[in-house]
Amino acid sequence: MARLLNEVIGHQKIIQRLLLMAEREKLPDSLLFVGPPGVGKKMTAIAFAQGLICEKSIHGCGSCGPCLRVAHHGSESMLLVEPEKNSIKIEQIRGVIEFLNLRSITKNRVIIIEDAQLMNPQASNSLLKNLEEPSSGTFFFLIAPSPKHVLSTIRSRCQIVRFAPLLYEDMKSKSQAPEWALRSSQGSFEKLSLLFDKDEMEVRSQAIYCLRRLKLDPWAYLDPEVKVGFRDRSQALRLSQHMALLLRDSVYWKIGGKTKILNADQD
């Protein structure tokens with residue numbers, strides 16, 4: 001079976017609350033899922049899309065044709081809008097309107113807009129009317145880091161659902177990564193995958209090197225091997241983030257809070 005709700009990690013209170021509303025036919029037409037990246041907002045939206053489109057159950061039976069097509073990302077009743085070159089343009093929202101003008105072959109249709117904060121003003125304004133007066137059986141799931149990142153006129157037309165970072169136990173149930181990596185991920189599978197990215201591992205090693213050098217020599221920032229890590233804004237930001245987490249860990253170490261250390265491999 002391909003029942004997607006069974007594959008969502010964590011967030012059970014949110015899922016149960018939304019399922020209850022759906023069972024009572026009180027699920028809002030427009031939902032704004034907000035929270036850190038990599039915690040399952042998109043997966044939850046797709047899982048609910050499956051249930052809304054399913055022929056048999058609001059939970060999604062996982063075996064009917066509509067369920068299987070959603071699970072394999074080939075549903076004619078679900079549209080997933082993703083940014084193109086860090087922006088969602090008006091042409092993409094026009095595609096949403098065209099999708100809604102087509103005759104529906106299932107009881108419901110679902111539009112999922114990932115990184116909704118990246119809609120440009122024209123795209124946001126074009127979407128407004130459909131959020132204000134959605135056609136019967138149409139549901140929108142917008143996904144963003146936080147409500148403040150989304151245009152206020154869009155935000156006011158959605159019910160906000162807040163996702164928290166995943167618990168360590170949830171991460172561990174799904175990943176075989178070492179403990180230090182699971183803790184450093186801070187409840188995000190996206191951050192966890194980055195920790196094992198070759199480039200990110202090099203940045204982390206550079207952060208450790210910089211802190212060691214600066215501890216020994218306050219003038220170490222003039223060292224070419226230290227300066228190379230700050231060669232551009234993006235690199236400097238990533239390096240600074242790793243250094244900040246290491247400094248955070250050093251404070252916990254000094255006050256005896258070893259269980260709160262994220263970079264536990266650097267004891």
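Biologist: Which kind of crossing, left-handed or right-handed, does α10 make as it passes α12?
Modeller: This is a predicted model, in which local features need pLDDT of at least 70, side-chain atom pairs count only at pLDDT 80 or more, and totals for chains, interfaces and linings use all residues. Residues are numbered from 1 along each chain as its sequence is written, and side-chain values use heavy atoms, with hydrogens and water left out. A crossing is left-handed if the near helix is turned anticlockwise from the far one by less than a right angle, and right-handed if clockwise. By that convention, the crossing in which α10 passes α12 is right-handed.

Biologist: At roughly what angle do the axes of α10 and helix α12 cross?
Modeller: Two packed helices are described by the angle between their axes and the distance between the axes. Axes are lines fitted to C-alpha atoms, for helices over the stretch in contact, and angles run from 0 to 180 degrees between N-to-C directions. The axes of α10 and helix α12 (residues 233-254) come within 9 Å, and they cross at roughly 60°.

Biologist: What does that make α10 in relation to α12?
Modeller: Angles under 35 degrees count as roughly parallel, over 145 as roughly antiparallel, 65 to 115 as roughly perpendicular and the rest as oblique. The axes of α10 and α12 cross at roughly 60°. The relation of α10 to α12 is therefore oblique.

Biologist: How many helices and strands does the secondary structure of the protein chain come to?
Modeller: Helices (H or I, at least four residues) and strands (E, at least two) are DSSP runs, numbered from the N terminus. The C-alpha trace of the protein chain spans about 70 × 40 × 30 Å along its principal axes. Its secondary structure comes to twelve helices and five strands.

Biologist: What percentage of the residues in the protein chain is buried?
Modeller: Buried means under 20% relative accessible area, exposed over 50%, and partly exposed in between (1.4 Å probe, protein chains only). Of the 267 residues in the protein chain, the buried share is 46%.

Biologist: What is the count of salt bridges?
Modeller: Side chains of opposite charge can pair when their charged atoms come close. A salt bridge is a side-chain nitrogen of Lys or Arg within 4 Å of a carboxyl oxygen of Asp or Glu. By this rule, the count of salt bridges is nine.

Biologist: Which residue forms a salt bridge with Lys-42?
Modeller: The closest N and O atoms of the Lys-42 pair are 3.2 Å apart. This pair links distant parts of the chain, 72 residues apart, with Lys-42 in helix α2 (residues 41-53) and its partner in the loop between β3 (109-113) and α5 (121-132). Lys-42 is partly exposed because its relative accessibility is 27%.

Biologist: How many residues apart in sequence are the parts tied together by Asp-265 and Arg-204?
Modeller: Asp-265 and Arg-204 form a salt bridge, with 2.5 Å between the closest N and O atoms. Asp-265 lies in the segment after α12 and Arg-204 in helix α10, so the pair ties together parts with a sequence separation of 61 residues.

Biologist: Is Asp-223 buried or exposed?
Modeller: Asp-223 forms a salt bridge with Arg-213, the closest N and O atoms being 3.0 Å apart. Arg-213 is in helix α10, and Asp-223 is in the loop between α10 and α11, ten residues apart. Arg-213 has a relative accessible area of 22% and is therefore partly exposed. Asp-223 has 14%, which means that Asp-223 is buried.

Biologist: Which residues make the nonpolar surface patch of about 440 Å²?
Modeller: Patches are made of residues with over 30% relative accessible area and no salt bridge, like charges being joined within 9 Å and nonpolar side chains (Val, Leu, Ile, Met, Phe, Trp, Tyr) within 5 Å. Accessible areas come from the Shrake-Rupley method with a 1.4 Å probe; for residues, only the protein chains shown count as cover. Leu-222, in the loop between α10 (198-216) and α11 (224-227), is partly exposed because its relative accessible area is 49%. The patch of about 440 Å² is made by Leu-214, Trp-219, Tyr-221 and Leu-222.

Biologist: What is the phi of Lys-85?
Modeller: Most residues other than glycine have a negative phi. Lys-85 lies in the loop between β2 (78-81) and α4 (90-101) and is exposed, with a relative accessible area of 81%. Its phi is positive, near 55°.
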